[in-house]
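Good morning, and thank you for coming. Please look at the sequence and the model on the screen while I speak.

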Amino acid sequence: MGLREDAAELDASDPLAGLRSAFLLPPGKIYLDGNSLGPPAHRVLERLDAVARGEWGGDLIASWNCHRWIDLPRRAAAKIARLINAAPDEVLVADSTSVNLFKLIAAALAMNPGRRTILSERGNFPSDLYIAEGVASLIGARLKIAHTDALEAALDDGVALLVLSHVDYRTGRLHDIDGMTRLAQARGALVLWDLAHSVGAMEIDVTRAKADFAVGCGYKYLNGGPGAPAFLYVPARHQDKARQPLQGWFGHGAQFAFEERYRPAAGIARFQCGTPPILSLAALDAALELWDGVALAEVRRKSLRLTELFMRAVDEYCAGAGLRLLTPRIGDRRGSHVSYAAPEDGYAVMQALIARGVVGDFRAPDILRFGFAPLYLTHAETVEAAAILGEVLQSRAWDRPEYRARAHVT
Ligand SMILES: *Cc1c(COP(=O)(O)O)cnc(C)c1O
């Protein structure tokens, strides 16, 4: 059967199809960038209006108590906890992924005294590496960056902490969280996982994996909105030993006693720093309500169907165009995006695609990246996107000056 017929059949039997109408999606666009910025759900826009006009505008500062703004970070965290199989009080929503990395890397190094190396891998997201480098230089540790295949050999008795991203932001390659955590811990290292490109796209079980720490992003597959607060995970067994250096008043044991000296709060609350951004947090909290009753196994199945279908469609429509697949074909080894190295000016190819309503993104030096968010994408869109990519490449429609001019955000 043809690709379009297959797609129609898969859409007709898609158990998640009903969720698409929960989102505000502009007509005429196939949005394959939800792994970078998820779209708004209708309920998020309603909640923003209610919180801004009704709560902020109506009750002003009393809202911290009467609308329980003060525990919104914990309430949002409980919803994320379900998505990664953590206990509700092992997750906190706060700050950005980068800032949470800083807090947890510093805490982890202090918990593994005598070891002074942070190990990560080449190709990890730059912010993760930059933050690790910054913490290392602040406390006299060092950052070692190994090739993925050499991580095991690099896990020597100097490694205090292994910091990895679950899904590679460029290639989409998926790490085995359980296996890698076990290996690193057997060598005496702690392990911190960055779940930015996996949470909301698949089942994650930090409890089964016995992960030491994790962080993740609120604005990608969780659809919390641009710059949405991120989250962090610290298991109960570590919480009272872990001390993070951004000792703000929100992490104090008695915030409103206004004591002169810092005493960390018990439990996960000590990982807060300052005042949470309530509007952003309310948007994220409303977006997280969409996951009520959604089976993550179903989300993963659809994600694999979409990415598989896209690769098949690109094989067919883009044959001979010189694209090189960077993403593993084997389902167990990939996340929810698919990337190709472009033969010529990938930036211009992506601009030409965007001009035709297919929104993916470009990652230097030559990568065309397409994200597949299972909550709102259809199989038909997936095939259509590949057909338009084929057209752009075969006709060289990308080869125009206006598509070559680089914008700041790619
Ligand atoms: C998106 C992403 C981030 C983003 O960090 P911010 O602090 O939100 O800018 C960090 N790490 C990884 C792996 C990401 O994919």
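This is a predicted model: local features need pLDDT of at least 70, side-chain atom pairs count only at pLDDT 80 or more; totals for chains, interfaces and linings use all residues.

Let us begin with the ligand. Which residues surround the ligand? They are Ser96, Thr97, Ser98, Phe125, Asp128, Ser165, Asp194, Ala196, His197, Tyr219 and Lys220. Sorted by class, this shell comprises three nonpolar, five polar and three charged residues.

A polar atom in the side chain of Ser98 is 2.7 Å from a ligand oxygen. For Tyr219, an N or O atom of the side chain lies 2.8 Å from an oxygen atom of the ligand.

I turn now to helix α8, which spans residues 177–186. At the start of α8, a side-chain oxygen of Asp176 comes within 3.2 Å of the backbone nitrogen of Asp178. After the helix comes Gly188, with a positive phi near 90 degrees.

Which residues of α8 are buried? They are Ile177, Asp178, Gly179, Met180, Thr181 and Ala184. In an α-helix, residues three or four places apart point the same way, because there are 3.6 residues a turn. The cover over the buried residues of α8 includes the helices α7 (151–154) and α9 (206–209), together with the strands β5 (159–165) and β6 (190–194).

Thank you for your attention.

Note on methods
Residues are numbered from 1 along each chain as its sequence is written. Side-chain values use heavy atoms; hydrogens and water are left out. Buried means under 20% relative accessible area, exposed over 50%, partly exposed in between (1.4 Å probe, protein chains only). Helices (H or I, at least four residues) and strands (E, at least two) are DSSP runs, numbered from the N terminus. Contact means heavy atoms within 4.5 Å. A polar contact is a pair of N or O atoms within 3.5 Å; within protein, one must be able to donate a hydrogen and the other to accept it, and residues adjacent in sequence count only if both atoms are side-chain atoms. A residue is near a molecule or strand if one of its heavy atoms lies within 4 Å of it. Ala, Val, Leu, Ile, Met, Phe, Trp, Tyr, Cys and Pro count as nonpolar, Asp, Glu, Lys and Arg as charged, and the others, Gly among them, as polar.
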